[in-house]
Amino acid sequence: MAGEPGRSRQGILMVISAPSGTGKSTLINRLRAEFPRLAFSVSYTTRAPRAGEQNGREYHFVDMETFIRLRDADELAEWAEVHGNFYGTSRPAVQAMLEQGLDVLFDIDVQGSRQLRQAFAQGAFIFLFPPSMRVLEQRLRGRGTETEESLAKRLANARRELEQADFFDYWIVNNDLESAYRDLRSVYQAEGLRKSCNAGLVEQVLAN
Ligand code: ADP
Ligand code: 5GP
(Lines give C-alpha, C1' and ligand atoms only; values in the text may rest on other atoms or scores of the structure.)
(Ligands and ions follow the chains in the order given, each with its own letter.)
Protein backbone atom coordinates (compact mmCIF):
# COMPACT_ATOMS: atom_id res chain seq x y z
CA MET A 1 0.00 0.00 0.00
CA ALA A 2 1.16 3.55 -0.61
CA GLY A 3 2.87 4.90 2.48
CA GLU A 4 4.05 1.42 3.52
CA PRO A 5 7.29 1.55 5.54
CA GLY A 6 10.38 1.02 3.45
CA ARG A 7 8.79 2.23 0.24
CA SER A 8 9.88 5.59 -1.04
CA ARG A 9 7.17 7.90 -2.25
CA GLN A 10 7.37 11.33 -3.81
CA GLY A 11 6.54 14.14 -1.39
CA ILE A 12 3.15 15.83 -1.49
CA LEU A 13 2.72 19.61 -1.65
CA MET A 14 -0.40 20.74 0.23
CA VAL A 15 -1.39 24.37 -0.03
CA ILE A 16 -3.99 25.84 2.31
CA SER A 17 -5.45 29.24 1.69
CA ALA A 18 -8.26 31.05 3.51
CA PRO A 19 -9.32 34.48 4.68
CA SER A 20 -7.39 35.53 7.75
CA GLY A 21 -9.08 34.22 10.90
CA THR A 22 -10.78 31.21 9.25
CA GLY A 23 -8.71 28.66 11.18
CA LYS A 24 -5.78 27.67 8.92
CA SER A 25 -3.14 27.73 11.66
CA THR A 26 -5.37 25.79 14.06
CA LEU A 27 -5.96 23.00 11.53
CA ILE A 28 -2.38 22.97 10.24
CA ASN A 29 -0.92 22.59 13.74
CA ARG A 30 -3.21 19.69 14.39
CA LEU A 31 -2.36 17.94 11.13
CA ARG A 32 1.36 18.37 11.73
CA ALA A 33 1.07 16.97 15.24
CA GLU A 34 -0.57 13.84 13.84
CA PHE A 35 1.70 13.36 10.79
CA PRO A 36 5.40 13.93 11.52
CA ARG A 37 6.44 13.49 7.90
CA LEU A 38 4.42 16.61 7.06
CA ALA A 39 6.77 19.60 7.20
CA PHE A 40 5.70 23.23 7.24
CA SER A 41 7.06 25.81 4.81
CA VAL A 42 8.09 28.65 7.12
CA SER A 43 7.59 31.82 5.11
CA TYR A 44 9.47 35.08 5.25
CA THR A 45 7.40 38.07 6.30
CA THR A 46 7.95 41.76 6.92
CA ARG A 47 5.07 41.91 9.42
CA ALA A 48 5.83 42.22 13.14
CA PRO A 49 5.65 39.05 15.26
CA ARG A 50 2.46 38.55 17.30
CA ALA A 51 2.66 37.68 20.97
CA GLY A 52 3.74 34.05 21.24
CA GLU A 53 5.17 33.82 17.71
CA GLN A 54 8.79 32.67 17.43
CA ASN A 55 11.23 33.61 14.72
CA GLY A 56 11.83 30.53 12.56
CA ARG A 57 8.71 28.70 13.78
CA GLU A 58 5.64 30.57 12.47
CA TYR A 59 7.69 32.83 10.18
CA HIS A 60 11.16 34.14 9.48
CA PHE A 61 10.61 37.77 10.48
CA VAL A 62 12.72 40.03 8.28
CA ASP A 63 12.95 43.71 7.39
CA MET A 64 11.99 45.02 3.97
CA GLU A 65 15.60 45.29 2.84
CA THR A 66 16.26 41.60 3.56
CA PHE A 67 13.01 40.62 1.87
CA ILE A 68 13.96 42.49 -1.31
CA ARG A 69 17.43 40.93 -1.27
CA LEU A 70 15.91 37.43 -1.04
CA ARG A 71 13.45 38.17 -3.80
CA ASP A 72 16.10 39.60 -6.11
CA ALA A 73 18.37 36.59 -5.49
CA ASP A 74 15.49 34.34 -6.69
CA GLU A 75 15.32 32.69 -3.26
CA LEU A 76 11.51 33.00 -3.15
CA ALA A 77 9.36 30.41 -4.94
CA GLU A 78 6.51 32.94 -4.69
CA TRP A 79 5.85 36.19 -2.88
CA ALA A 80 3.00 38.65 -2.44
CA GLU A 81 1.92 41.75 -0.58
CA VAL A 82 -0.92 40.74 1.77
CA HIS A 83 -2.78 43.11 4.12
CA GLY A 84 0.01 45.68 3.67
CA ASN A 85 2.95 43.37 4.49
CA PHE A 86 5.19 41.21 2.31
CA TYR A 87 5.23 37.42 2.52
CA GLY A 88 7.25 34.85 0.57
CA THR A 89 8.12 31.15 0.37
CA SER A 90 11.75 29.99 0.61
CA ARG A 91 12.55 28.01 -2.52
CA PRO A 92 15.71 26.29 -1.12
CA ALA A 93 13.90 25.28 2.09
CA VAL A 94 11.05 23.66 0.14
CA GLN A 95 13.46 21.85 -2.18
CA ALA A 96 15.45 20.55 0.81
CA MET A 97 12.30 19.22 2.51
CA LEU A 98 11.18 17.44 -0.67
CA GLU A 99 14.66 15.94 -1.12
CA GLN A 100 14.43 14.55 2.42
CA GLY A 101 11.24 12.75 1.36
CA LEU A 102 8.96 14.97 3.43
CA ASP A 103 5.53 16.27 2.47
CA VAL A 104 5.27 20.04 2.62
CA LEU A 105 2.38 22.17 3.84
CA PHE A 106 2.00 25.82 2.85
CA ASP A 107 -0.15 28.48 4.52
CA ILE A 108 -0.19 31.13 1.80
CA ASP A 109 -2.63 33.54 0.21
CA VAL A 110 -4.45 33.20 -3.10
CA GLN A 111 -1.88 35.16 -5.13
CA GLY A 112 0.91 32.95 -3.76
CA SER A 113 -1.07 29.77 -4.48
CA ARG A 114 -1.35 30.71 -8.13
CA GLN A 115 2.41 31.30 -8.35
CA LEU A 116 3.22 28.02 -6.56
CA ARG A 117 1.09 26.02 -8.99
CA GLN A 118 3.30 27.43 -11.76
CA ALA A 119 6.57 26.95 -9.87
CA PHE A 120 6.00 23.31 -8.90
CA ALA A 121 3.34 22.03 -11.33
CA GLN A 122 1.98 19.69 -8.65
CA GLY A 123 0.20 19.90 -5.33
CA ALA A 124 -3.19 19.84 -3.67
CA PHE A 125 -4.68 23.32 -3.42
CA ILE A 126 -7.21 23.64 -0.62
CA PHE A 127 -9.45 26.60 0.12
CA LEU A 128 -10.81 26.80 3.62
CA PHE A 129 -14.11 28.67 4.05
CA PRO A 130 -15.39 30.33 7.19
CA PRO A 131 -19.07 29.42 7.71
CA SER A 132 -20.05 33.08 7.22
CA MET A 133 -18.59 36.59 7.23
CA ARG A 134 -20.21 37.14 10.62
CA VAL A 135 -18.42 34.16 12.16
CA LEU A 136 -15.16 35.17 10.48
CA GLU A 137 -15.31 38.57 12.16
CA GLN A 138 -16.09 36.94 15.53
CA ARG A 139 -13.06 34.63 15.17
CA LEU A 140 -10.71 37.42 14.17
CA ARG A 141 -11.88 39.58 17.08
CA GLY A 142 -11.78 36.60 19.44
CA ARG A 143 -8.15 35.88 18.53
CA GLY A 144 -7.32 39.33 19.87
CA THR A 145 -4.29 39.86 17.62
CA GLU A 146 -5.45 42.64 15.29
CA THR A 147 -5.92 46.37 15.62
CA GLU A 148 -9.23 47.79 14.32
CA GLU A 149 -7.40 48.94 11.19
CA SER A 150 -5.81 45.54 10.51
CA LEU A 151 -9.13 43.84 11.24
CA ALA A 152 -10.98 46.01 8.71
CA LYS A 153 -8.29 45.33 6.09
CA ARG A 154 -8.46 41.56 6.68
CA LEU A 155 -12.26 41.51 6.43
CA ALA A 156 -12.25 43.55 3.23
CA ASN A 157 -9.63 41.23 1.72
CA ALA A 158 -11.67 38.19 2.80
CA ARG A 159 -14.38 39.09 0.29
CA ARG A 160 -11.85 39.29 -2.56
CA GLU A 161 -10.24 36.00 -1.49
CA LEU A 162 -13.59 34.20 -1.39
CA GLU A 163 -14.29 35.40 -4.91
CA GLN A 164 -11.18 33.50 -6.06
CA ALA A 165 -12.03 30.19 -4.38
CA ASP A 166 -12.67 28.64 -7.78
CA PHE A 167 -8.91 28.35 -8.37
CA PHE A 168 -8.61 25.66 -5.67
CA ASP A 169 -9.04 21.88 -6.03
CA TYR A 170 -10.65 21.22 -2.64
CA TRP A 171 -13.15 23.25 -0.62
CA ILE A 172 -13.47 22.69 3.12
CA VAL A 173 -15.78 24.66 5.42
CA ASN A 174 -14.40 25.27 8.91
CA ASN A 175 -17.62 25.40 10.87
CA ASP A 176 -17.27 22.55 13.34
CA LEU A 177 -13.52 22.12 13.97
CA GLU A 178 -13.66 18.30 14.29
CA SER A 179 -15.48 17.91 11.02
CA ALA A 180 -13.13 20.34 9.17
CA TYR A 181 -10.16 18.45 10.58
CA ARG A 182 -11.56 15.12 9.33
CA ASP A 183 -11.99 16.64 5.87
CA LEU A 184 -8.45 18.00 5.78
CA ARG A 185 -7.01 14.71 6.98
CA SER A 186 -8.95 12.86 4.24
CA VAL A 187 -7.52 15.13 1.55
CA TYR A 188 -3.98 14.56 2.84
CA GLN A 189 -4.42 10.81 2.92
CA ALA A 190 -6.03 10.66 -0.53
CA GLU A 191 -3.21 12.76 -2.01
CA GLY A 192 -0.70 10.15 -0.82
CA LEU A 193 -2.54 7.52 -2.87
CA ARG A 194 -2.09 9.35 -6.18
CA LYS A 195 -0.22 7.29 -8.74
CA SER A 196 2.13 10.26 -9.28
CA CYS A 197 3.23 9.88 -5.64
CA ASN A 198 3.89 6.17 -6.00
CA ALA A 199 6.11 5.78 -9.04
CA GLY A 200 7.76 2.35 -9.24
CA LEU A 201 4.98 0.46 -7.46
CA VAL A 202 4.09 -1.70 -10.48
CA GLU A 203 7.73 -2.74 -10.97
CA GLN A 204 8.14 -3.45 -7.28
CA VAL A 205 5.12 -5.73 -7.15
CA LEU A 206 6.12 -7.56 -10.34
CA ALA A 207 9.69 -8.09 -9.13
CA ASN A 208 8.77 -9.78 -5.86
P1 ADP B 1 -5.95 31.70 10.50
O2 ADP B 1 -4.66 30.94 10.67
O3 ADP B 1 -6.75 31.21 9.31
O4 ADP B 1 -5.78 33.19 10.46
P5 ADP B 1 -6.54 30.81 13.24
O6 ADP B 1 -6.17 29.35 13.17
O7 ADP B 1 -5.61 31.73 13.94
O8 ADP B 1 -6.88 31.38 11.77
O9 ADP B 1 -8.00 30.88 13.90
C10 ADP B 1 -8.62 32.13 14.19
C11 ADP B 1 -9.37 32.01 15.52
O12 ADP B 1 -10.52 31.17 15.34
C13 ADP B 1 -8.54 31.38 16.62
O14 ADP B 1 -8.81 32.06 17.83
C15 ADP B 1 -9.02 29.92 16.66
O16 ADP B 1 -8.89 29.36 17.95
C17 ADP B 1 -10.49 30.07 16.27
N18 ADP B 1 -11.04 28.91 15.51
C19 ADP B 1 -10.45 28.19 14.53
N20 ADP B 1 -11.29 27.23 14.07
C21 ADP B 1 -12.44 27.34 14.78
C22 ADP B 1 -13.70 26.63 14.75
N23 ADP B 1 -13.95 25.63 13.92
N24 ADP B 1 -14.64 27.02 15.62
C25 ADP B 1 -14.42 28.05 16.47
N26 ADP B 1 -13.27 28.76 16.55
C27 ADP B 1 -12.28 28.42 15.70
P1 5GP C 1 -0.88 36.39 8.88
O2 5GP C 1 -0.31 37.77 8.91
O3 5GP C 1 -2.29 36.35 9.44
O4 5GP C 1 0.03 35.35 9.49
O5 5GP C 1 -1.02 35.97 7.36
C6 5GP C 1 -1.67 36.82 6.46
C7 5GP C 1 -1.85 36.14 5.11
O8 5GP C 1 -0.57 35.93 4.50
C9 5GP C 1 -2.51 34.76 5.19
O10 5GP C 1 -3.49 34.72 4.15
C11 5GP C 1 -1.40 33.81 4.90
O12 5GP C 1 -1.87 32.64 4.27
C13 5GP C 1 -0.56 34.64 3.94
N14 5GP C 1 0.83 34.15 3.84
C15 5GP C 1 1.63 33.67 4.82
N16 5GP C 1 2.83 33.31 4.32
C17 5GP C 1 2.78 33.57 2.99
C18 5GP C 1 3.71 33.40 1.90
O19 5GP C 1 4.84 32.94 2.05
N20 5GP C 1 3.30 33.80 0.69
C21 5GP C 1 2.07 34.32 0.46
N22 5GP C 1 1.76 34.64 -0.81
N23 5GP C 1 1.17 34.49 1.43
C24 5GP C 1 1.52 34.12 2.68
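Author: Let us begin with a loop: Ala121 lies between α4 (110–120) and β8 (124–129). Helices (H or I, at least four residues) and strands (E, at least two) are DSSP runs, numbered from the N terminus. The model is predicted, so local features need pLDDT of at least 70 and side-chain atom pairs count only at pLDDT 80 or more, while totals for chains, interfaces and linings use all residues. Residues are numbered from 1 along each chain as its sequence is written, and side-chain values use heavy atoms, with hydrogens and water left out.

Reader: Is Ala121 buried or exposed?

Author: Buried means under 20% relative accessible area, exposed over 50%, and partly exposed in between (1.4 Å probe, protein chains only). Ala121 counts as exposed because its relative accessibility is 68%.

Reader: What is the phi of Ala121?

Author: Most residues other than glycine have a negative phi. Ala121 has a positive value, near 50°. Asp74, also a residue other than glycine, has a positive phi near 60°. Asp74 is placed in the loop between α2 (64–72) and β5 (76–82), and with a relative accessible area of 51% it is exposed.

Reader: How many helices and strands does the protein have?

Author: There are eight helices and nine strands. Of the 208 residues, 46% count as buried.

Reader: How does the radius of gyration compare with that of a compact globule?

Author: The radius is taken over C-alpha atoms, and the globule rule is 2.2 Å times the number of residues to the power 0.38. For 208 residues the rule gives a value near 17 Å, and the protein has 18 Å, which agrees. Along the principal axes, the C-alpha atoms fill a box of roughly 65 × 40 × 30 Å.

Reader: Which residues does Ser43 touch?

Author: Contact means heavy atoms within 4.5 Å. Not counting residues up to four places away in sequence, Ser43 touches Glu58, Tyr59, His60, Gly88, Thr89 and Ile108. Ser43 belongs to strand β3 (residues 43–45), and it is buried because its relative accessible area is 6%. Across the protein, among contacts between residues at least 6 apart in sequence, 69% join residues at least 24 apart.

Reader: Where is His83 found, and what is it in contact with?

Author: His83 is in the loop between β5 and β6 (85–90). At 13% relative accessibility, His83 counts as buried. Leaving aside neighbours within four places in sequence, its contacts are Ser20, Lys153, Arg154, Asn157 and Glu161.

Reader: What separates the C-alpha atoms of Arg9 and Cys197?

Author: These C-alpha atoms are 5.6 Å apart, although the two residues are 188 residues apart along the chain. Arg9 is found in the segment before β1 (13–17), and it counts as buried, at 13% relative accessibility.

Reader: How many aromatic pairs does the structure hold?

Author: A pair of aromatic rings is described by the distance of the centres and the angle of the planes. Rings of Phe, Tyr and Trp (its six-membered ring) pair if their centres lie within 6.5 Å; planes under 30 degrees apart count as stacked, over 60 as edge-to-face and the rest as tilted. The structure holds 11 such pairs. In one of them, Phe127 and Phe129 are edge-to-face, with 5.0 Å centre to centre and 75° between the planes. Both Phe127 and Phe129 are buried. Ring pairs also link Phe125, Phe127, Phe129, Phe167, Phe168 and Trp171 into a cluster.

Conventions: Chains lettered and ligands numbered in written order.
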